[in-house]
Amino acid sequence: MMNDKNSQKIVDIIQNYARLHSLFVLAYGTGCGAIEIPPTMTSRYDAERFGIRGAATPRQADVLLITGYLTTKTLKRVIRVYEQMQDPKYVIGFGSCTINGGMYWDSYNTIKVLDKYLPVDVYINGCMPRPEAVIAGFVKLQSLIREGKAEGAKLYKDNLEQYRENQKKVIPNWVMPEYNW
Ligand code: SF4
């Protein structure tokens, strides 16, 4: 007879299998890399073959795709969007600008390292990454989900104070509703 631990493990495997083949994506077009999203989603590269499709609102989305540099002004909106998404949820940082500031590394009002402010599950490097790289990034996310290692949302909850501290350091007029999961 199966014990509770084994049954839970089987449920997790099935849930993760369903999740990874049904990723609803909210593409937040913050930077120039957003131009690669239409070819990724349409017939030439056809991301839907992998179960990847667009979502209309944060409440319906599983993946927040941040497509390039973020200004301090945009960061505030992106945080708000992320916090409206339901669990399980994932973040993909798309383009060198999300990793280290890219060509805006010395700009006075852009964010240099996205995962100081939001939990990034997968980065896609390049300036700008082509659709093949975008799909490879999603495939990486799918393997992390399969292995139960896409834990950004948990990291965010567990370290919320630290994230808030970092966010408030760069966002000038912090007037936001309190955390609302
Ligand atoms: S990585 Fe390059 S393409 Fe992407 S937002 Fe930055 S400058 Fe634009």
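The radius of gyration is taken over C-alpha atoms, and the globule rule is 2.2 Å times the number of residues to the power 0.38. For 181 residues, this rule puts a compact globule near 16 Å; the protein chain has 17 Å, which agrees. The model examined here is predicted. Along the principal axes, the C-alpha atoms of the protein chain fill a box of roughly 60 × 40 × 25 Å. Buried residues account for 33% of the 181 residues. Contacts between residues at least 6 apart in sequence were also considered; 81% of them join residues at least 24 apart.

The protein chain contains seven helices and five strands. Their order along the sequence is α-β-α-β-β-α-β-α-β-α-α-α.

The largest nonpolar core has 36 residues. Val-63, Leu-64, Leu-65, Ile-66 and Ile-92 have the most contacts inside this core. At least two core residues each come from strand 1 (23-28), strand 3 (63-66), helix 3, strand 4, strand 5 and helix 5. Strand 1 supplies the largest share, five residues. Val-63 illustrates the packing. Beyond residues up to four places away in sequence, Val-63 touches Leu-23, Val-25, Leu-26, Tyr-90 and Ile-92.

Strand 3 and strand 4 run parallel and are joined by four bridges. Within this pairing, Leu-65 stands opposite Ile-92 of strand 4. Five of the five residues of strand 4 are buried, so this strand is largely enclosed by the rest of the structure. In a regular strand, side chains alternate between the two faces of the sheet. In strand 4, Tyr-90, Ile-92 and Phe-94 point one way, and Val-91 and Gly-93 point the other way. Residues pointing in both directions are buried.

The ligand shell was examined next. Residues from several stretches of the sequence surround the ligand: Gly-31, Cys-32, Gly-33, Gly-68, Tyr-69, Gly-95, Ser-96, Cys-97, Gly-102, Met-103, Cys-127 and Met-128. Six residues of this shell are nonpolar and six are polar. No charged residue is part of the shell.

Two cis peptide bonds were noted in the backbone. One runs from Cys-127 to Met-128, with omega near -5 degrees. Both Cys-127 and Met-128 belong to the ligand surroundings. Met-128 sits in the loop between strand 5 (122-124) and helix 5 (131-146). Another cis bond links Asp-87 to Pro-88, again with omega near -5 degrees. Pro-88 is placed in the loop that connects helix 3 (72-84) with strand 4 (90-94).

Asp-46 has a positive phi of about 50 degrees, although this residue is not a glycine. Asp-46 lies in the loop between helix 2 (37-41) and strand 2 (52-54). Its C-beta atom has 14 C-beta neighbours inside 10 Å, so Asp-46 counts as partly exposed; the partly exposed class lies between 12 or fewer neighbours for exposed and 20 or more for buried.

Ile-171 is found in the segment after helix 7 (160-170). This residue also counts as partly exposed, because 17 C-beta neighbours lie inside 10 Å. Leaving aside neighbours within four places in sequence, Ile-171 is in contact with Thr-72, Leu-75 and Lys-76. Ile-171 and Leu-75 are 96 residues apart along the chain, yet their C-alpha atoms are separated by 7.7 Å.

Conventions:
Residues are numbered from 1 along each chain as its sequence is written. This is a predicted model: local features need pLDDT of at least 70, side-chain atom pairs count only at pLDDT 80 or more; totals for chains, interfaces and linings use all residues. Two residues are in contact if their C-beta atoms, placed from the backbone, lie within 7 Å. A residue is near a molecule or strand if its C-beta atom, placed from the backbone, lies within 6 Å of it. Ala, Val, Leu, Ile, Met, Phe, Trp, Tyr, Cys and Pro count as nonpolar, Asp, Glu, Lys and Arg as charged, and the others, Gly among them, as polar. A nonpolar core is a set of buried Ala, Val, Leu, Ile, Met, Phe, Trp, Tyr and Cys residues joined through C-beta atoms within 7 Å. Two strands pair if DSSP finds at least two bridges between them.
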